[in-house]
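Work through these exercises with the structure open. Try each task before reading its solution.

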Amino acid sequence: MLDVNTQSPETHLKPCWSCKGPSPATALFCHTCKAVQAPASVDHFARLGMEPTFDVDVAALDRLYFDLQRQLHPDRFATKAPKEKALSQRQATALNDAYEVLKNPLMRADYLVHLLGIDVLPEGCNLVHDQSILMEAMEMREKLMMADTQDALNAIQRETKTEIDDVLSALSLAFAGHDIQGACRLTTRLKYLDKMMGEVRHSRARLMS
Amino acid sequence: MAQLLQIHEPGESPVPHQDDAEMAVGIDLGTTNSVVAVSSEGQVEVLKDDDGQALVPSIVAYAPDGSAIVGELAKRLLLSRPDSVVSSIKRLMGRGAEDVKSLGGQMPFDIEPHHEGESQLVRLNIGGHALTPIEISADILRALKDRAEAHLGAKVEKAVITVPAYFDDAQRTATKDAARLAGLNVLRLVNEPTAAALAYGLDKSAEGLYAVFDLGGGTFDVSLLRMEKGVFQVLATGGDAALGGDDFDHAIANHFLEQRKAGLGETNLSAGEVKVALMTARMAKECLTTEDSGEWMLTAGDKQTKHALDRATFNDLIRADVKRTVKICHEVLTEAGFDPMDIKGVVLVGGSTRVPLVRETVSQYFGSEPLADIDPDQVVAVGAALQAEALTVGSDTLLLDVTPLSLGLETMGGLVEKVIPRNTPIPVAKAQEFTTFKDGQTAMAIHVVQGEREMVDQNRSLARFNLTGIPPMAAGAAHIRVTFQVDADGLLTVSAGEDTSGIEAKVEVKPSYGLSEEEMSTMLYDSMANAKGDMELRLLTEARVEAERAMLAVRAALQADCKLLTVGERETIGEQMDKLIDAIKGTDRDAINAAAEDLDKATRVFAEKRMDKGIRDALTGVAIDKLQSSVSDGENA
Ligand SMILES: [Zn+2]
């Protein structure tokens, strides 16, 4: 488990909008009147009931997400009062936001760096101007520009995919070792590689048509 | 109102939650045909007319007095009174006058000039009546509602209505507005492919990835769905809004006309004769679905020609179009990161999937025999009915959908900045920050667009508005935050504000081609004698639902914390609750709201006492927790 600064939410109470009684700030439903509550301001991991980690088990994440959507999705409130409908929409929106970030390794890494690195990195991850990363990105772009057959594109795609896998393994180690600077550098590299994959897809589509 | 009151026996008051017991129907509002179905305990019935016809042609004829005739009867008037009969109105939903012109000769109606103060929505002159596509669609929906009410012997006011997955925001809003005009409360707009998958019960038994291949008359749509333990997750969707069975007709008609030219030399055909050629082509297409070959006669002018066509030639004629559908499937799959082998099954929707080459090509590409045992013309309505029941009665199935098209804003140089990319799970909210580019700039034009292209003018313009009241600052100093919110129906709301000054200049955006609230209420008033009553009834129902909820909340609070109250306080709350119960039994909306307000006031002290107690309890609880955790920490060390 990674050490993220979070307030201990169980001590925070807020009045339920419906019955006005005390309700834990992070509760989805009021314990007294069962009314759906506004989404709490918690990090994406807490929103899905997970510990902050880079090594997210995607199947487990899906299960948590589905379980929560089953309770909170606006479809469950189709015949309810307008206020409850509106709150369910806000809850489902917050949940989708968290799920989208956590299920994608790049977004997850980026999010985690910011979550963990607020004190460590003076300006988030943006300070990293790593020459070797920039060189690598330029080399790959040149290669892509030269590629004029599907086979050449396939080769670049395979190569990029392998590198992405390597970066992901390295990221896992970096986060586990609390090496935020290293994780930040790897995340930047992952951004370039991800962009590369997108451009390969683009070139492929262009070549096909 | 008198008619509405007859539902209840004399002296009997409307029971609370009467809505819950009401039937909600599923409606497929199609371009060519519409279908209404109802589900009870998972058993779906597609509602038919006296002749046993399930399909209601989406055709409306207008009498001189403005009254509408919908369906088969209107279809029969199509040839004899073409200027007062309108078909395929779905193509114009959420469209402006410019779009209609670009549709060319397809709509043989005059467009009404745009008047000051009206929305930009197109108005057609049909038999002397100026009508919007929304009003025409509302007439179709009213006919479906009537059919359902006659069938069920009860009022039907709730519906799930399906829309094509590629429908943009303006088209979705127009559909919802049409339903409102027809007196239907839309529980949810569901995408047609999703409804089709629901109809096959894929939510219950299936696990894995499924594709829905929907080829209609004029449109093609493919969706990729993941089924897992009753969760129905739309992963990606794509298509072509101008590719369908009509293109097959055109291909055959061109082939016939080429043959004719070879035999008779160049002949000029009138628009009517081209129409006849298209109808003949359509017959040939339908025939070649089951037969290997056939012969058709084409009469134009005074010359009749005979045309033979076999399946192989037909396949050659349409091969390019069919290939395009597979190419789109491939793009959608690749973008979502899948191979055809990953797909467990394919659902076929739309009449054009009856064409053998389409079926062969689809099963070849996906490597499996497609699911097609539900009538492709009814499958969408069946799914809509199931979802309608799920939303009213409750269900374990969960449907998670995505945005079909990217939403963005115009930036410098006519470029689009995407705010919400397509295939993002909904509901969703995303904000984008912009800044001023001139010193002292106090206003900013915001242009909302939808589509995948890079340039603004290649995408669909949804709305334009001006954000005013920005305090004068140096260029680049203002932080203008534009927030896009898409609800579970896929409908967009945009708001904007300036952050640094704390000035909240919020604007809600309605699509340019939607109805303004005023136009909506005028139409409601014009179109129904009892519109006002219906509106009142809706507001009354809402007030009752809200009051019921408040009462349940107070009851729950009393049950939990009754002992915090003095006898006097308890009595006051009890009195106010009785008053509210009485008010709910009546029909005075203001009285209900006032009584609810009084109950709220009467429970304020109670609420404070409960909060105090809650905080005290929590502190004691935390103290114990801390004690326990320090004990266990000690054990670990
Ligand atoms: Zn409550």
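Helix axes are lines fitted to C-alpha atoms over the stretch in contact, and angles run from 0 to 180 degrees between N-to-C directions. The model used here is predicted.

**Exercise 1. Two helices in chain A**

Task: Find the angle and axis distance for H2(A) and H3(A), then classify the pair.

Solution: 
- Step 1. Locate the helices. H2 of chain A covers residues 58-72, and H3 of chain A covers residues 82-103.
- Step 2. Take the geometry. The two pack at an angle of about 170°, with their axes 10 Å apart.
- Step 3. Apply the cut-off. Angles over 145 degrees count as roughly antiparallel.
- Step 4. Conclude. H2(A) is therefore roughly antiparallel to H3(A).
- Step 5. Look at the residues that meet. On the H2(A) side they include Leu61(A), Tyr65(A), Leu68(A) and Leu72(A). On the H3(A) side they include Ser88(A), Gln91(A), Leu95(A) and Tyr99(A).

**Exercise 2. The zinc site**

Task: Which protein atoms are the donors of the zinc ion, and how are they spaced along the chain?

Solution: 
- Step 1. List the donors. They are the SG atoms of Cys16(A), Cys19(A), Cys30(A) and Cys33(A). They lie 2.2 to 2.5 Å from the zinc ion.
- Step 2. Read the spacing. The donors of the zinc ion follow C-x2-C-x10-C-x2-C.
- Step 3. Check the angles. The four donor atoms make angles of 106 to 113°, and the site is tetrahedral. Ideal angles for four tetrahedral donors are 109.5 degrees.
- Step 4. Check burial. Both Cys19(A) and Cys30(A) are buried.

**Exercise 3. Leu28(A) and its surroundings**

Task: Where is Leu28(A), and which residues does Leu28(A) touch?

Solution: 
- Step 1. Leu28(A) is in the loop between E2 and H1 of chain A.
- Step 2. List the contacts, leaving out residues up to four places away in sequence. Leu28(A) touches Ala35(A), Val36(A), Gln37(A), Leu68(A), Gln71(A), Leu72(A) and Gln91(A).
- Step 3. Link to Exercise 1. Leu68(A) and Leu72(A) are among the H2(A) residues that meet H3(A), and Gln91(A) is among those on the H3(A) side.
- Step 4. Compare sequence and space. Leu28(A) and Ala38(A) are 10 residues apart in sequence, and their C-alpha atoms are 7.4 Å apart.

**Exercise 4. Helix pairs in chain B**

Task: What are the angles for H5(B) with H6(B) and for H8(B) with H10(B)?

Solution: 
- Step 1. Take H5 (residues 133-152) and H6 (residues 169-181) of chain B. They pack at about 55°, with axes 8 Å apart. H5(B) is therefore oblique to H6(B).
- Step 2. Take H8 (residues 245-264) and H10 (residues 311-336) of chain B. They pack at about 135°, with axes 10 Å apart. This pair is therefore oblique too.
- Step 3. H5(B) and H6(B) cross in a right-handed way. The crossing of H8(B) and H10(B) is right-handed.

**Exercise 5. Backbone exceptions**

Task: Which peptide bond is cis, and what is the phi of His178(A) and of Ser88(B)?

Solution: 
- Step 1. Recall the background. Most residues other than glycine have a negative phi, and most peptide bonds are trans.
- Step 2. Find the cis bond. It runs from Ile426(B) to Pro427(B), with omega near 5°. Pro427(B) is in the loop between strand E21 (415-420) and strand E22 (428-434) of chain B.
- Step 3. Turn to His178(A). Its phi is positive, about 55°. His178(A) lies in the loop between helix H6 (150-176) and helix H7 (180-208) of chain A. Its relative accessible area is 49%, so His178(A) is partly exposed.
- Step 4. Turn to Ser88(B). Its phi is near 50°. Ser88(B) lies in the loop between strand E7 (85-87) and helix H4 (97-102) of chain B.

Definitions and conventions
Residues are numbered from 1 along each chain as its sequence is written. Chains are lettered from A and ligands numbered from 1 in the order in which they are written. This is a predicted model: local features need pLDDT of at least 70, side-chain atom pairs count only at pLDDT 80 or more; totals for chains, interfaces and linings use all residues. Side-chain values use heavy atoms; hydrogens and water are left out. Donors are N, O and S atoms within 2.8 Å of the metal (3.2 Å for Na, K and Ca); water is not among the atoms, so sites may look incomplete. Four donors count as tetrahedral if all angles lie between 85 and 135 degrees; four count as square planar and six as octahedral if opposite donors are over 155 degrees apart and all others between 65 and 115; anything else is irregular. Buried means under 20% relative accessible area, exposed over 50%, partly exposed in between (1.4 Å probe, protein chains only). Helices (H or I, at least four residues) and strands (E, at least two) are DSSP runs, numbered from the N terminus. Angles under 35 degrees count as roughly parallel, over 145 as roughly antiparallel, 65 to 115 as roughly perpendicular and the rest as oblique. A crossing is left-handed if the near helix is turned anticlockwise from the far one by less than a right angle, and right-handed if clockwise. Contact means heavy atoms within 4.5 Å.
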